[in-house]
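Here is a short report on one structure. Look over the sequence and the model before reading on.

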Amino acid sequence: MTGGKVLIVDDDDAVRTVVAHALRRAGYSVRTAASLADMARELRTHPPDVLVTDVVLPDGDGIDHAGRLASERPDMPVIVLSARNTLTTAVRATEAGAYDYLPKPFDLDTLTRTVAAALKRGGAAAEDRVVEEEQLPLIGRSPAMQDVYRVIARVISNDLTVLVSGESGTGKELVARAIHDLGARRGAPFVPINMAAIPRELIEAELFGHERGAFTGAAQRSAGRFEQAAGGTLFLDEIGDMPIEAQTRLLRVLQSGEFTTVGGARTIRADVRIVAATNRDLQQAVAGGQFREDLYYRLNVVPVALPTLRERRGDIAELARHFLDRAAEAGLPRKTLAAEAVAALEAHDWPGNVRELENLMRRLAALSRDDRIGAAEVVATIGAAPAPNAGLSEALPDPGIEAAVRAMIERLAREEPGALDDGSLYDRVIGAAERPLIAAMLARHGGNQLRAARAIGLNRNTLRKRLDALGISPGARAAGSDEP
Ligand SMILES: Nc1ncnc2c1ncn2[C@@H]1O[C@H](COP(=O)(O)OP(=O)(O)OP(=O)(O)O)[C@@H](O)[C@H]1O
């Protein structure tokens, strides 16, 4: 006999019967209750070693009750079962001091293993904090997201380093923010830094700060992101793009808990929680020599792997409705989705993941003629959509553009150092992209300015002004035969 007394609380007869049967077979002595009142009686008359409780019970909330029990009887682990399956439930259960949280449906082996582990470890300490419904931004009840919520719920009460991986647009930054907003550091800043968006030679100064005169152009002492995030969370986005020298420095900081500013003798204690994110396979980068193995292990203390949207198609309808609500809150017309429209959304592969869905719903809210969006509109709008992440409004250039911009900044830093400080960068960089864009679209439309302007998304007068400003060849303009 395994031994151990288990009390199961659930108002669903079938759940009580099946779970009780499975646990008895595993050697436990099992009693059941169908309400909080029954539970209270059982706790007095037959105190169990482990309590397994549902959340929604006819006379109250199982998690609230578990919270009270965890402080009154810290030696009795509580396992929470729930069909609500939101991040809020996972976090509430963990914060209430529950030993574990199992989303329904669960398999009986998992429950039996969880009960066995709970008996070995004993109860967890309760923390006195209320997590409001609606406070949490992550949408999705699929099993894959449940795993994510469980990990988040486990890391918010500590400072362990978290490495979030997943394709672009899967919600890595949102997860990092949730960890910060729910944890003890939520009163201090959440500071993101994207390694792919900062010129390589400036990354160390950005992270650790620099002293006046540390390098050409360093006119003032400047606090780095480590200092800005003091007491809070530093989010190292696209960590796989970090240059190897900066990796070495970051590793030293993680090992020693201190950092030195660039060009300075000042040593500062690093008081940050680190959450890093990557859409690249970091293990492959380690194998290829682009990422330090020791740093990888330092960062990968708690891994969170985000599912792609196509791996959790069951969440698409809820996400789509959520984004339509958000569009309506932002002033766009309020729309609903026809059932066939939902099916069309579920059939798409979503290479740009949740971000692509969010953009599509915003576009549909703005463009759809009917209040109820139909399947044909969904299909047409998906077909007409730019490649994921190519929208300028997302400020997410493709890797080719990113590399070109970075190379341009590096060249300017080398050849015209003043150019990085004289306020001309926007015109220089954006101008450099605008010229080939306009030239290519004019060429594509045989020099017809009206059509090129439409294709680019400018009005014709603006295009004409830009042609003048950029001095683009009159040959292309003359061909615009529909010009007045
Ligand atoms: N589970 C989710 N629920 C609601 N919104 C989500 C969810 N996941 C992602 N989003 C939304 O999708 C967009 C993309 O998410 P986010 O920026 O966190 O992705 P990411 O993985 O960090 O992307 P990238 O790798 O391109 O930086 C955001 O607007 C975010 O709010």
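## Strands S1 and S2

Valine 9 stands across from alanine 33 of strand S2. The model that shows this pairing is predicted. Strand S1 covers residues 5-9. S1 and S2 run in the parallel sense and share five bridges.

Helix H2, residues 36-45, lies across both S1 and S2. Its direction is about 145° to that of S2.

## The sheet

S1 and S2 belong to an open sheet of five strands. The order is S2-S1-S3-S6-S7, and the pairing is parallel. Strand S2 (29-33) sits at one edge and strand S7 (100-103) is the other edge strand. Each of these two pairs on one side only. On average, neighbouring strands here are turned by 20° against each other, direction ignored.

In general, the strands of a sheet pair through backbone hydrogen bonds, in either a parallel or an antiparallel way.

## The ligand shell

How many residues surround the ligand? There are 16. The closest are Ser168, Gly171, Lys172, Glu173 and Val354. Two elements give two or more residues to this shell: helix H7 (172-182) and helix H15 (353-367).

What is the make-up of the shell by class? Seven residues are polar, five are nonpolar and four are charged. Two domains contribute: domain 2 (146-305) and domain 3 (309-389) each supply at least three residues to the shell around the ligand.

Conventions
Residues are numbered from 1 along each chain as its sequence is written. This is a predicted model: local features need pLDDT of at least 70, side-chain atom pairs count only at pLDDT 80 or more; totals for chains, interfaces and linings use all residues. A residue is near a molecule or strand if its C-beta atom, placed from the backbone, lies within 6 Å of it. Helices (H or I, at least four residues) and strands (E, at least two) are DSSP runs, numbered from the N terminus. Ala, Val, Leu, Ile, Met, Phe, Trp, Tyr, Cys and Pro count as nonpolar, Asp, Glu, Lys and Arg as charged, and the others, Gly among them, as polar. Domain bounds come from an automatic or database domain assignment. Two strands pair if DSSP finds at least two bridges between them. Axes are lines fitted to C-alpha atoms, for helices over the stretch in contact, and angles run from 0 to 180 degrees between N-to-C directions. Two residues are in contact if their C-beta atoms, placed from the backbone, lie within 7 Å.
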